[in-house]
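This report is intended for a reader who meets the structure for the first time. It begins with the sheet and then turns to individual residues and to the chain as a whole.

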Amino acid sequence: MKLVKLAFALAAAVTVSACDTPIGPDKSVDRNLIDRKDLSQIKWGVWVDPDGCDNWIADDGVEGYLARRLDKYGKPVCSGVAPPTVATGDFKNGATGVIGDPL
C-alpha cells in the first residue's frame, strides 16, 4: 500500500512540475524568416465582423493575424467604425520584406 501511495505522489509531483513548461511556440512573435519582429511592431487595422463587432487584423505579406477586440471587462467592442464585413486601417502595410501580398 505504501508503494502505491509513493507512486501516486511521485506521479502527482511530476504532473504539477510540468505546469510551468510552455506549450508550443510563443504566439506574440512574427516567425517570418524575412522580417521577424514583435507583433506590436506590425501595423494593425480593424475588421468588423458580420455581427458588427471589431476585430484587430494585420497582414504581414505571408502571414495574417486576427484577434477579437475586447474592452477591459473582456466583452467584445462593437464601435461602428465601419459597416459589417469591412476592414479599415493601414493593416496591409505591415510587411517590409520582398514578398508582397498579391491581393
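## The sheet

Four strands make up an open sheet, arranged in the order β3-β2-β1-β4 with antiparallel pairing. Strands here are DSSP runs of E with at least two residues, helices are runs of H or I with at least four residues, and both are numbered from the N terminus. Two strands are said to pair if DSSP finds at least two bridges between them. At the edges stand β3 and β4, each of which pairs on one side only. From one strand to the next, the twist averages 30°; for such angles, axes are lines fitted to C-alpha atoms (for helices, over the stretch in contact), and the angles run from 0 to 180 degrees between N-to-C directions. In general, the strands of a sheet pair through backbone hydrogen bonds, in either a parallel or an antiparallel manner.

The model is a predicted one, in which local features need pLDDT of at least 70 and side-chain atom pairs count only at pLDDT 80 or more, while totals for chains, interfaces and linings use all residues. Residues are numbered from 1 along each chain as its sequence is written, and side-chain values rest on heavy atoms, with hydrogens and water left out.

## Pairing of β1

Strand β1 is joined to β2 by four antiparallel bridges. Within this pairing, Trp47 has Asn55 in β2 as its bridge partner. The two strands form a hairpin with five residues between them, and Gly52 in the turn shows a positive phi of about 90°.

The antiparallel pairing of β1 with β4 comprises three bridges. Here Val46 has Thr88 in β4 as its bridge partner, and Gly45 stands opposite Gly89 of β4.

The loop between β1 (45–48) and β2 (54–59) contains Asp49. This residue is buried, its relative accessible area being 7%. The classes are as follows: buried means under 20% relative accessible area, exposed means over 50%, and partly exposed lies in between (1.4 Å probe, protein chains only).

A polar atom of the Asp49 side chain lies 2.9 Å from the backbone nitrogen of Cys53. Apart from neighbours within four places in sequence, Asp49 is in contact (heavy atoms within 4.5 Å) with Asn55, Arg68, Pro84 and Thr85.

## The disulfide

How many disulfides does the structure hold? There is one disulfide, formed by Cys53 and Cys78 with their sulfur atoms 2.0 Å apart; the criterion is a pair of cysteine sulfur atoms within 2.5 Å. What does this link tie together? Cys53 belongs to the loop between β1 and β2, and Cys78 to the loop between β3 (64–68) and β4 (87–89), so the pair connects parts that are 25 residues apart in sequence.

The link between Cys53 and Cys78 is right-handed, with 60° about the S-S bond. Cys53 is buried at a relative accessible area of 11%, whereas Cys78 is partly exposed at 45%. A disulfide is a covalent bond between the sulfur atoms of two cysteines.

Thr85, one of the contacts of Asp49, is placed in the loop between β3 and β4. With a relative accessibility of 51%, Thr85 counts as exposed. Its phi is near 65°, a positive value in a residue other than glycine. Most residues other than glycine have a negative phi.

Asp90 is found in the segment after β4 and is partly exposed, at 39% relative accessibility. Leaving aside neighbours within four places in sequence, Asp90 is in contact with Lys43 and Trp44. Asp90 and Ala58 are 32 residues apart in sequence, and their C-alpha atoms are 8.6 Å apart in space.

## The protein as a whole

The protein has one helix and four strands, which follow the pattern α-β-β-β-β along the sequence. Of its 103 residues, 23% count as buried.

Among the contacts in the protein with a separation of 6 or more, 50% are accounted for by residues 24 or more positions apart. The accessible surface of the protein comes to about 7700 Å², with 64% belonging to carbon and sulfur atoms. Such areas come from the Shrake-Rupley method with a 1.4 Å probe, and for residues only the protein chains shown count as cover.

Notes:
Polar contact = N/O pair within 3.5 Å; in protein donor to acceptor, adjacent residues only side chain to side chain.
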